[in-house]
Amino acid sequence: MKTVMCITILGAVVLATSASIVKNCAKSKTHLIDEQNDVNISNCPKNKCSLKRNTDTLVEIKLKPKRDFKELNSDIQGIILDVPIPFLGYYGTSACPHIYDAEGKNKVGCPLKAGETYLYRNSFKILPVYPTVSLVVHWGLGDKDDDVVCFEVPAKIKA
């Protein structure tokens with residue numbers, strides 16, 4: 001019985017930490033992310049993310065900028081019927097407090113140096129005011145000139 005429970009827990013941990021399948025933003029000039037390994041989103045298996053209201057969703061992104069970035073801002077939106085709607089409290093905010101070293105152990109913040117690997121780690125609340133709807137989540141990190149990373153992923157907000 002203990003063995004079965006350990007295997008079940010281990011399987012859940014592996015599933016929860018596996019990479020999410022995302023698509024690069026069509027209009028972004030940023031480097032293409034490795035769609036299999038660079039992005040991990042909790043509750044986001046290989047097809048559609050399931051975002052439950054009143055919960056937090058953890059997002060981890062491996063970053064390797066092609067140029068130096070003094071600042072990094074968040075462009076986080078929900079796209080419903082081709083209409084982008086900013087995620088309140090996240091859109092336009094600084095991403096610098098969420099930048100870690102490549103191993104994810106130490107916060108390093110900004111600036112980011114070209115060619116170095118970083119880990120962006122942030123959680124966002126799925127607010128109870130969000131409608132239960134299917135959408136595309138657009139997640140971009142960059143400055144006024146360029147993105148370090150930009151991806152989109154299909155999702156469904158559930159009650």
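The side chains of Gln77 and Asp75 are joined by a polar contact of 2.5 Å, a polar contact being a pair of N or O atoms within 3.5 Å, of which, within protein, one must be able to donate a hydrogen and the other to accept it, while residues adjacent in sequence count only if both atoms are side-chain atoms. The model is a predicted one, in which local features need pLDDT of at least 70 and side-chain atom pairs count only at pLDDT 80 or more, whereas totals for chains, interfaces and linings use all residues. Residues are numbered from 1 along each chain as its sequence is written, and side-chain values use heavy atoms, with hydrogens and water left out.

Gln77 belongs to strand 5, which covers residues 73-80; helices (H or I, at least four residues) and strands (E, at least two) are DSSP runs, numbered from the N terminus. With a relative accessibility of 13%, Gln77 counts as buried, where buried means under 20% relative accessible area, exposed means over 50% and partly exposed lies in between (1.4 Å probe, protein chains only). When neighbours within four places in sequence are left aside, Gln77 is in contact with Pro84, Ile85, Pro86, Phe87, Tyr91, Val136, Val137 and His138, contact meaning heavy atoms within 4.5 Å.

The protein chain as a whole contains 1 helix and 10 strands, and along the sequence these follow the pattern α-β-β-β-β-β-β-β-β-β-β. Of its 159 residues, 36% count as buried. Among contacts between residues at least 6 apart in sequence, 59% join residues at least 24 apart. The chain exposes about 9400 Å², of which carbon and sulfur atoms supply 59%; accessible areas come from the Shrake-Rupley method with a 1.4 Å probe, and for residues only the protein chains shown count as cover.

Nonpolar side chains in soluble globular proteins tend to be buried together. The largest nonpolar core has 33 residues, among which Ile41, Ile61, Leu63, Leu72, Tyr120, Trp139 and Leu141 touch the most other members; such a core is a set of buried Ala, Val, Leu, Ile, Met, Phe, Trp, Tyr and Cys residues joined through side-chain atoms within 4.5 Å. At least two residues of this core come from each of strand 2 (39-41), strand 3 (49-52), strand 4 (55-63), strand 8, strand 9 and strand 10 (147-158), and strand 10 gives the most, with 6 residues. For Ile41, leaving aside its neighbours within four places in sequence, the residues in contact are Ser20, Val22, Cys49, Thr57, Leu58, Val59, Phe151 and Val153.

A search of the whole structure for aromatic pairs finds 5 of them; rings of Phe, Tyr and Trp (its six-membered ring) pair if their centres lie within 6.5 Å, and planes under 30 degrees apart count as stacked, over 60 as edge-to-face and the rest as tilted. The ring centres of Phe87 and Tyr130 are 5.4 Å apart and the planes stand at 70°, so this pair is edge-to-face. Because Phe87 lies in the loop between strand 6 (83-86) and strand 7 (99-101) and Tyr130 in the loop between strand 8 (118-126) and strand 9 (134-142), the pair ties together parts that are 43 residues apart in sequence. Phe87 counts as buried at 5% relative accessibility, and Tyr130 counts as buried at 9%. Tyr90 and Phe124 form another edge-to-face pair, with 5.9 Å from centre to centre and 75° between the planes. This pair links distant parts of the chain, since Tyr90 is in the loop between strand 6 and strand 7 and Phe124 is in strand 8, 34 residues apart; both Tyr90 and Phe124 are buried. One aromatic cluster is formed by Phe87, Tyr90, Tyr120, Phe124, Tyr130 and Trp139.

Rings also take part in contacts with charges. The charged end of Arg67 sits over the ring of Phe69, 3.9 Å from its centre, and that of Arg121 sits over the ring of Tyr100, 4.6 Å from its centre; the criterion is that NZ of Lys or CZ of Arg is within 6 Å of the ring centre and within 35 degrees of the ring normal.

Several loop residues remain to be described. Leu81, in the loop between strand 5 and strand 6, has a positive phi of about 50° although it is not a glycine, and Leu81 is exposed, with a relative accessible area of 79%. Asp82 is found in the loop between strand 5 and strand 6, has a phi near 65° and is exposed at 75% relative accessible area.
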